[in-house]
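Biologist: Could you take a close look at one part of this model, the place where the two chains meet, and go through it in one connected account?

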Amino acid sequence: MERSIVVVAEHTQGRLTPVTYEAMACALEIQRIQPARIVTVVVGEDAVEVAQEAIDACDQSVLAVKVPGLDSYNGEAYRWTLSHALCGLGASWICVPGTTQGFDFGPGLAVRLGASCLSNIERVFEQDGQPIFVRNLFNGKISAELSAAAPTLLIVQPGSFRWERHDIKGRSYVEVITVEWAPTHTRLLGFKSLYPVDSALRDALVIVSAGRGIERRENLELIHRVASLFPRSAVAGSRPLCDNQWLPYRLQVGQTGATVAPDLYMACGISGAQQHLAGMRGSKFIVAVNTDPEAAIFHEADVGVVEDLEVFLADLLEESARLTP
Amino acid sequence: MKILVCVKQAPPADAPIKIDQSQQWVSVYGHALPQMGKYDEYAVEQAIIIKEQVPGTTVDAITNGPAEWATVLRRALGMGVDHGIQALTLEGGYASALKTVSCIALAVRARSYDLILTGVMSEDLAQGLVGPMLAETLSFSCVTSCVSLRVDESRNCVYAERDIEGGRRQLVELALPALVTMQSSTNRPRYPSLSNIMRANSQELEVITVESSEDAVSCEKLLRLSSPQKTRSAVFLQGSSKDKARELLSILRKRSVLH
């Protein structure tokens, strides 16, 4: 059987999500090392419409798995339909976007397919004709190179692969299959938008963001005062701060919170967990303040300050007041 | 109902670490003591909450690692877990999720749990794989990244709220037996009580040895550890804290984000 590299598309409201293109970019990297055809698989009630977008983006084949009634994500449906749809594809590598959805169905799908599973893949390189997968460990402090035997399901780290639009050579086509599915064990009851992402975060030119390193709730006052130095600024935080109820969840930056890209992102006492980086990596200029010189946040920063947060922010406010007449 | 919580030991997230001589694993330096993973603590807390709400509930905890991981089982007992199971491995270091899953599955398959809880990911490897892979191996229904969970015994199901992107939550009804992975939430994990600590220290742990049925070929191999590549080249400011503050203000003025 011809071997293939499969990309499982993620889509919402009839559109592919940006992370799907990143998973496609990961598949292309693997294809350069181990030539195989790439098949993008779209699952859902509107799979055929969404598949058209995938076709317009790349010259690979697209498999639309139409599942009547599946109008939003259901893990049981994804595992069941994909394990059937992928049977005939001879997939060596299966690339899944590393979102809460990818992490929900991906590992179980791997088991069902008899594949192994690697997550948080951020880079692929070639060694002796084989793809080697790079991911980080220990909160971004260590990088690990892993080899795996096909078939393996790869959960692709958001923000790590860059998709470049290229000329369509016209070899692409959509194959459509319809799969009947009814829930047996997992029933979707709906969605809650408890914490609509604060519009202040989206509109801010400067975001001053606090992490666990601020240590005391009272230090949020310093964060607010630093933010007030800048026009059109906002205060945000990492997930542990919101879990502590020091900040409302609507001000959380990261994978399960807001994705922001301000002119300046100032990370104060943030270690740089992947889930946080996913939400702020696109910022134009990043300043990180942390006591730990090994903190992963410094790998993403333009300017690094290794200092006690309380002391440094107080000095910053004092120097700013001194320089401003 | 019978609940199982899967826990493991990891260095704290902010512990200073370096690659050890074998180039295959790390050593932790300084005074940071390994502890139960943060998300595992949320899973234990959730199990204890259910135990308090549903009469007749028993909670077991299992760990699959070297002998020193017994400390996390003691911690779980201290929080209120009834029974600790240690599925021993001979060595520590990198463990393929596939291997861990096959060991835990072998150890628990015959014990007919109604609900298995795990953390959404560990703090060291942060793979997020063992929970959902274990569910599939045991044919349990599964939902990941949950912040809230409610058991309805009469309907033989659980209701879960899972955190998804964009500050939204998905509400899911799951038939038992089920496996749920827990994300952090406002449910703060409790500290072990004094009476539970005394009980935990005197209680025997069930120690078992299981051989993974996964052959080495199907598991990924860790080839090398290294320092991560930097995506941006951070300029580290030098001098005293005040010097750094002045320089940062000057950089931000040059970039016109500060006037």
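**The interface of chain B and chain A**

Modeller: Across the interface of chain B and chain A, 11 salt bridges are found, and this count, like every value that follows, comes from a predicted model. One of these salt bridges joins the side chains of A:Asp315 and B:Lys242, with an N to O distance of 2.9 Å. Residue pairs in polar contact between chain B and chain A number 35, where both residues have pLDDT 80 or more. On the side of chain B that touches chain A, helix H6 of chain B, residues 241-254, gives the most, with 10 residues, and by class that side of chain B is made up of 43 nonpolar, 23 polar and 23 charged residues.

As for extent, 89 residues of chain B are in contact with 95 residues of chain A. The size of an interface is often expressed as the accessible area that is lost when the parts come together; here chain B and chain A bury about 7,800 Å² between them, with 55% of it on carbon and sulfur atoms. Of the area that chain B buries against chain A, B:Glu136, B:Arg169 and B:Arg232 supply 9%, which is more than any other three residues.

How values were computed
Residues numbered from 1 in each chain as written. Chains lettered and ligands numbered in written order. Predicted model: local features only at pLDDT ≥ 70, side-chain atom pairs only at ≥ 80, totals over all residues. Heavy atoms only, no water. Contact = heavy atoms within 4.5 Å. Buried area = accessible area lost by both parts, 1.4 Å probe. Salt bridge = Lys/Arg side-chain N within 4 Å of Asp/Glu carboxyl O. Polar contact = N/O pair within 3.5 Å; in protein donor to acceptor, adjacent residues only side chain to side chain. Helix = DSSP H or I, 4+ residues; strand = E, 2+ residues; numbered from the N terminus. Nonpolar A, V, L, I, M, F, W, Y, C, P; charged D, E, K, R; others polar.
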